[in-house]
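Dear colleague,

Please find below the structure that I am handing over to you.

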Amino acid sequence: MPLLVVLAGPASTAVGQQRKRTTSSKSSGTGRTTKTKAQLERERRATLLRIKEASRILEQTQKQKQASVGQLNALKEKLTVQQGVIRNISNELNYIENDVVQTETQVQRTRQSLEQLKAEYARLIYIGSKTANSYNRVMFLFASESFNQFMLRLRYIRQYAEVRKAQAAQITNTQQRLSQQLTGLKEKKEEKGTLLHSQLSEKKNLLTLKTQQDQVVTKLSQQEESLRQELVARQQAISRLDNLIALKVKEEIARAARLAARRAAAAKAAAARASNPTAAPRPGDAPSRASTAAAEAAEVAAAERVDRVTLTPETAILASSFNDNRGQLPWPVGRGFISQRFGRHNHPVLKNVVVENRGVDIQTSAGEPVRSVFDGKVLTIASVPGMNTIVMVQHGDYFTVYAKLRSVSVTEGQQIKARQTIGTVYTDAEGTSEVQFQVWHNSSNLNPENWLGRK
């Protein structure tokens with residue numbers, strides 16, 4: 001029996017340890033790598049879609065022979081996305097390289113385990129050769145001094161045969177596992193080669209885009225005077241739009257305050273009549289002009305003191321829901337990119353010139369539908385020189401503004417739903433299709449990028 005322990009112990013322990021190492025390696029390495037690679041592949045698909053959109057928009061701006069800021073913005077977007085593609089490929093290469101190293105380590109361990117199993121099996125064969133024929137086994141059994149010893153020796157012979165069979169099966173399984181690992185290693189190296197080729201190709205595309213960008217910047221720099229005139233016209237248009245928004249917000253604040261004052265006065269009068277029924281006016285009575293004028297003056301005075309929209313229970317729920325969707329609102333257009341961000345920033349061409357944007361400009365394709373980002377009421381529709389047609393939608397005490405529209409498909413006072421089309425984007429003479437989107441809370445101008453969800 002001691003011989004059996006010596007033979008079976010080391011081999012089975014080595015195999016168990018090898019299996020444990022292999023399983024641990026798969027769960028800690030391969031599983032995580034597969035998940036991360038899947039995420040990278042999704043990001044790559046999304047990035048390629050962005051490149052496709054930017055290419056389509058760039059193609060529309062390039063139809064005009066003269067260089068434009070819209071064309072420059074489309075090139076910048078494509079460059080940014082192209083750099084993202086290269087980073088994505090580099091990350092995939094890193095993970096594949098880690099996979100290759102881990103797989104090579106597994107192959108080395110499997111080979112060592114296979115050699116150990118073969119050595120153990122050779123020892124079994126050598127020891128078994130001493131009792132290979134039936135006569136020696138019979139003599140070994142009948143040389144037993146007692147029946148118990150006879151049964152023990154019989155059990156030993158059977159276990160010995162089972163160990164040899166198990167060792168042979170382990171060798172076969174290990175060889176198969178080694179073959180699978182070598183095949184996987186070959187596939188990973190081929191995938192690595194394909195990604196390296198793609199990376200080289202994308203870097204060439206990036207260099208081409210940078211050259212195009214430099215050419216457009218050079219052409220635009222030669223049009224400095226016209227760019228300054230465009231900038232002045234844009235600033236005037238923004239000022240007109242700001243004044244319109246401020247006026248409409250002020251009017252809505254005053255209107256809501258007057259309604260709230262009337263409701264409060266009516267509730268107070270109803271409460272007074274309920275507490276003193278004998279003082280209730282007769283059906284033919286009417287309020288005097290003096291009392292009516294006084295009530296109206298009180299309403300106006302109350303409205304002038306309010307600096308925010310007075311909410312009803314219904315509009316309060318709407319405003320709260322709008323606020324809860326911060327960072328999750330759908331984009332006002334289905335495809336496109338932010339060509340000019342919120343706030344103050346340098347002009348893309350003119351040196352030492354800072355421009356300020358009240359919202360975000362989203363460059364998109366010609367004829368693209370413009371959608372409301374949330375449920376609300378169309379507060380106003382107006383035409384603003386330099387901003388074309390604008391639509392302002394109220395969401396309780398929040399307001400969203402959609403400027404640079406070619407056409408409008410809603411009416412003032414209309415209740416609309418999120419993602420409902422309100423019009424189509426305007427395309428200027430340079431072939432740039434761009435919508436400006438703004439978000440306001442009462443009289444405060446907010447950064448729309450903090451409200452829009454990720455595309």
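Strand β2 (residues 343–346) pairs with β3 in the antiparallel sense over four bridges; strands are DSSP runs of E with at least two residues, helices are runs of H or I with at least four, both numbered from the N terminus, and two strands pair if DSSP finds at least two bridges between them. Within this pairing, G343 stands opposite N357 in β3. Buried here means under 20% relative accessible area, exposed means over 50%, and partly exposed lies in between (1.4 Å probe, protein chains only). In a regular strand the side chains alternate between the two faces of the sheet.

Please note that this is a predicted model, in which local features need pLDDT of at least 70 and side-chain atom pairs count only at pLDDT 80 or more, while totals for chains, interfaces and linings use all residues. Residues are numbered from 1 along each chain as its sequence is written, and side-chain values use heavy atoms, with hydrogens and water left out.

Overall composition

The protein has seven helices and 12 strands. Of its 455 residues, 38% are buried. Its accessible surface comes to about 25800 Å², and 52% of that belongs to carbon and sulfur atoms (Shrake-Rupley method with a 1.4 Å probe; for residues, only the protein chains shown count as cover).

Strand β4

Five of the five residues of β4 are buried. Both of its faces are covered, with V360, I362 and T364 on one side and D361 and Q363 on the other. β4 has antiparallel partners in β1 (residues 337–340), over three bridges, and in β11, over five bridges. F337 stands opposite Q363 in β4, and V360 stands opposite F437 in β11.

The loop between β4 and β5 (369–371) holds E368. E368 counts as buried because its relative accessibility is 9%. Beyond its neighbours within four places in sequence, E368 is in contact (heavy atoms within 4.5 Å) with V333, G334, R335, G423, T424 and V425.

Nonpolar cores

The largest nonpolar core has 26 residues, and V370 and Y402 have the most contacts inside it. Such a core is a set of buried Ala, Val, Leu, Ile, Met, Phe, Trp, Tyr and Cys residues joined through side-chain atoms within 4.5 Å. At least two residues of this core come from each of α7 (313–324), β4 (360–364), β7 (388–395), β8 (398–408), β10 (421–425) and β11 (433–441). Leaving aside neighbours within four places in sequence, the contacts of Y402 include V370, V391, I422 and F437. A second, separate core of 20 residues includes L79, I86, L220 and L231.

Aromatic residues

The count of aromatic pairs comes to five, where rings of Phe, Tyr and Trp (its six-membered ring) pair if their centres lie within 6.5 Å. Ring pairs link F322, F374, Y398 and W451 into a cluster. R326 lies over the face of W451, at 5.0 Å from the ring centre (a charge sits over a ring if NZ of Lys or CZ of Arg is within 6 Å of the ring centre and within 35 degrees of the ring normal).

Helix α4

A168 is found in helix α4 (residues 147–221). A168 counts as partly exposed because its relative accessibility is 29%. A168 and K118 are 50 residues apart in sequence and 8.6 Å apart in space, C-alpha to C-alpha.

With kind regards

Conventions
Rings of Phe, Tyr and Trp (its six-membered ring) pair if their centres lie within 6.5 Å; planes under 30 degrees apart count as stacked, over 60 as edge-to-face and the rest as tilted.
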